Amino acid sequence: MNRSLVKFRRGAGNALTYAVLAVLGILWVLPIGYLIYTAFRTTPSTGIINSLFPDDLRLGFGNFSRLFADTMFLRWLGNTVLVAVCSCALSTLFILMVSYALSRMRFRLRKPIMNVLLVLNMFPGFMSMIAVYFILKAMGLTNSLLALILVYSGSAALSYYICKGFFDTIPRAMEEAAILDGASQPMVFWRIILPLAKPIIVYTVLTSFISPWCDFIFVNTIISDRELYTVSLGLYKMINAEKNSFNDNFTVFCAGAFVVGGIIVTLFMSMQRYYVEGVTSGSVKG
Amino acid sequence: MKEREKKKRTKPSVWKDLISAFRYGSYQTRLSFFSLGFGQIARGQVIKGLLYMLTQTVFTLFMIFFGGRYIVHLFSGDLGSKLSGEVWNEELQIFEKVKGDNSFLILLYGVVSIVLIFFYLAVWAANVKGSYENDKRIRAGEKVRTFKEDLRLLANEKFYQPLLSLPFAGLLVFTVMPLVFMVLIAFTNYDYAHMPPGKLFDWVGLSNFKTLFSLSGGTSGFAIVFLRVLLWTFVWAFFATFTNYFLGVIIALLIHKKGIKLKALWRTLFVVAIAVPQFVTLLLMQKILDGDGILNKILGTNILWLADQRNFSLIPRLMIILVNIWIGVPYTLLMSSGILMNIPADYYEAARIDGASAVRIFFNVTMPYMLHITTPYLITQFVGNINNFNVIWLLTGGGPVDNLYYGGGSQAQSTDLLVTWLYRLTTDQNPRYNVASVIGIVIFVISATMALITYNRTSSAKGEDTFQ
């Protein structure tokens, strides 16, 4: 085979790859582009476009001003940030504590506890939702953001697995040396393990921060007061409350989704490296 | 190795400890079987002893004034008998409003009380064991630990106790108690016809299981509906998992191919899809695929992409799997691009020297390696898809309604998974919590079986010390 033929074949192969990637890339970006376009669209003022090429391509911020003026979006945003920050802090703490105990310490009930956690994780969350609601009601906590924080972080310990997997890979020699030097376990935890576990901490923080932004089912059962909605439930209700609400509010919904998506994209992109590290280091092992 | 030795040493159970504590313990220890904290206070561990005493007092008061009643209810198999309503009062000659029993609360508080009893038993055992340990120390001529020393122990060898206590308290309240409660519901007739506070419900044994699994037809047996939902759940989980997996790996391979430029840009194109909240993209897709949606406008067709009932709702089912590809592939892409870069280059070199084509390299080198490493991931994904509520609920809502399914009051629809069916049964106008609970138990059995397979197949559970 002469060299130019090899070169040609490689070139052709690459061209084909580029073509496939481009087509797929467009398919993946198109719906998001459609969402962004709808968010900025001014005409027609509501509803969804029903022609491939809209007659009028004017853009503006009308949907955003409607979003912030006519709906309680700002308030929902505040609620969500509050719930996300609190529940993320609590869940991260819980996950780190459980992972450390189960990964670095050895005690009689360790294996049984791990088995129980595994079994608990197998029940679908929806099943117990109504019972959770009534427990909260008995505690006088329904219709409060505190309830949401408690529910989101209360079951956090169940997702310790990835974090523990990461802790398992940290060599023991260091902490053994520290303990010989008289360090207590809390010191080992704070000074040695946590600094080494930065990627997995970022991963845990990120996932637990994002989940309140996406959940609407639990919020839907626990919260009925419009003032206390989180963004996801607010947006969901915006287009699902009544028969016609979709067509009336679709552009505003897109504007809201754009804001939420923007926040999450920013977070995600700035932390992407850690996210990938977290996923690959903790969850996948041969 | 170390683990195994330890196991042998610590196997003797709590019971043996307790029995020997009663047999060989001092009178202080024996007394602390009945009066918590006595053994501690008698030996000068005042704070610890007082804490135990406080626990006992609070628990006793709770049982007398609140919990005891519900425990009795629960064990006598009686979930309340008094209906609330109006009762004729002879003396005053008026109807009086009477607050009746609430089966729901009786069951809920019963469960809470039982959980508290278990908690108390654990404290009680710890109390006896602590006192017995004091005996041993005194006999060996050592001093009893002071409170300060106890605290130091908690910060060292027993550091796991403070670490685990708070997260587990959360689990207990928000996961364990609700689950126990809902499992119990599966054995009652709690449905729209027996809704507290107006009505009472009662234990019915296994009759809900019979309803779900029997064929008797009419309104009583859901067996055929159940099997069809189960089958679709598995078909869906299979396709959702494997389409995502293979497409993700292939796209990752394309991006990482030698000579392809702007790798980061290509990856970002796909990864952006992760960042948009799922419910947003799903609602958007639902609208695009709607009968009046933009897809029909572009194609000039008039197809109900998400509501066509023909051929067992084939089109909606396909659309769900396609949309799920859009949602899920970026995750696989992200995960697999990390692993692909770690495949040892020698493998490829060797294959190339042997003259293998790109396709053969893919099937004989890349895929086996990927599959070997990611089997646990695949199985968790499969379980995740069995429980994938969002995609189905937001796209079709479980629909379209199809008489074969809806018949017999099962309320199942044609693209329902077990979870969405469960959800509909609990949120419908005419909820049937009892049947929903049975479905929940079925889902649990399926997921647990899969999890056991994962655990036995992978070394990650056994080899947790490998890297240390």
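Guide: Let us begin with A:Arg66, which is partly exposed with a relative accessible area of 28%. This is a predicted model, where local features need pLDDT of at least 70, side-chain atom pairs count only at pLDDT 80 or more, and totals for chains, interfaces and linings use all residues. Residues are numbered from 1 along each chain as its sequence is written, chains are lettered from A and ligands numbered from 1 in the order in which they are written, and side-chain values use heavy atoms, with hydrogens and water left out.

Visitor: What makes A:Arg66 and A:Asp70 a salt bridge?

Guide: The term asks for a side-chain nitrogen of Lys or Arg within 4 Å of a carboxyl oxygen of Asp or Glu. For A:Arg66 and A:Asp70 the N to O distance is 3.8 Å, so the pair qualifies. Both residues lie in helix α2 (residues 62-70) of chain A, four residues apart, about one turn of the helix. Helices here are DSSP runs (H or I, at least four residues), numbered from the N terminus.

Visitor: How do you know whether A:Asp168 and A:Lys164 are buried or exposed?

Guide: A:Asp168 has 2% relative accessibility and A:Lys164 has 5%, so both count as buried. Their side chains also meet in a salt bridge, at 2.9 Å from N to O. Helix α7 (residues 161-168) of chain A holds both.

Visitor: What does the salt bridge of B:Arg43 and B:Asp135 tie together?

Guide: The side chains of B:Arg43 and B:Asp135 meet at 2.8 Å, N to O. B:Arg43 lies in the loop between α4 (38-42) and α5 (46-75) of chain B and B:Asp135 in helix α6 of chain B, so the pair ties together parts that are 92 residues apart in sequence. Both residues are buried. The structure holds 12 salt bridges over all chains.

Visitor: Why is the pair of B:Phe104 and B:Tyr190 called edge-to-face?

Guide: Rings of Phe, Tyr and Trp (its six-membered ring) pair if their centres lie within 6.5 Å; planes under 30 degrees apart count as stacked, over 60 as edge-to-face and the rest as tilted. B:Phe104 and B:Tyr190 are 5.6 Å apart, centre to centre, with 65 degrees between the planes, so the pair is edge-to-face. Both residues are buried. Ring pairs link B:Phe104, B:Phe181, B:Tyr190, B:Phe201 and B:Tyr433 into a cluster.

Visitor: How do you know that B:Arg317 lies over the face of B:Trp232?

Guide: A charge sits over a ring if NZ of Lys or CZ of Arg is within 6 Å of the ring centre and within 35 degrees of the ring normal. B:Arg317 is at 4.7 Å from the ring centre of B:Trp232. The charged end of B:Arg30 sits over the ring of B:Phe22, 5.8 Å from its centre.

Visitor: How many salt bridges are found across the interface of chain B and chain A?

Guide: Across that interface the rule finds zero salt bridges. In contact, though (heavy atoms within 4.5 Å), are 103 residues of chain B with 101 residues of chain A.

Definitions and conventions: Buried < 20%, exposed > 50% of the residue type's maximum accessible area, 1.4 Å probe, protein only. Helix = DSSP H or I, 4+ residues; strand = E, 2+ residues; numbered from the N terminus.
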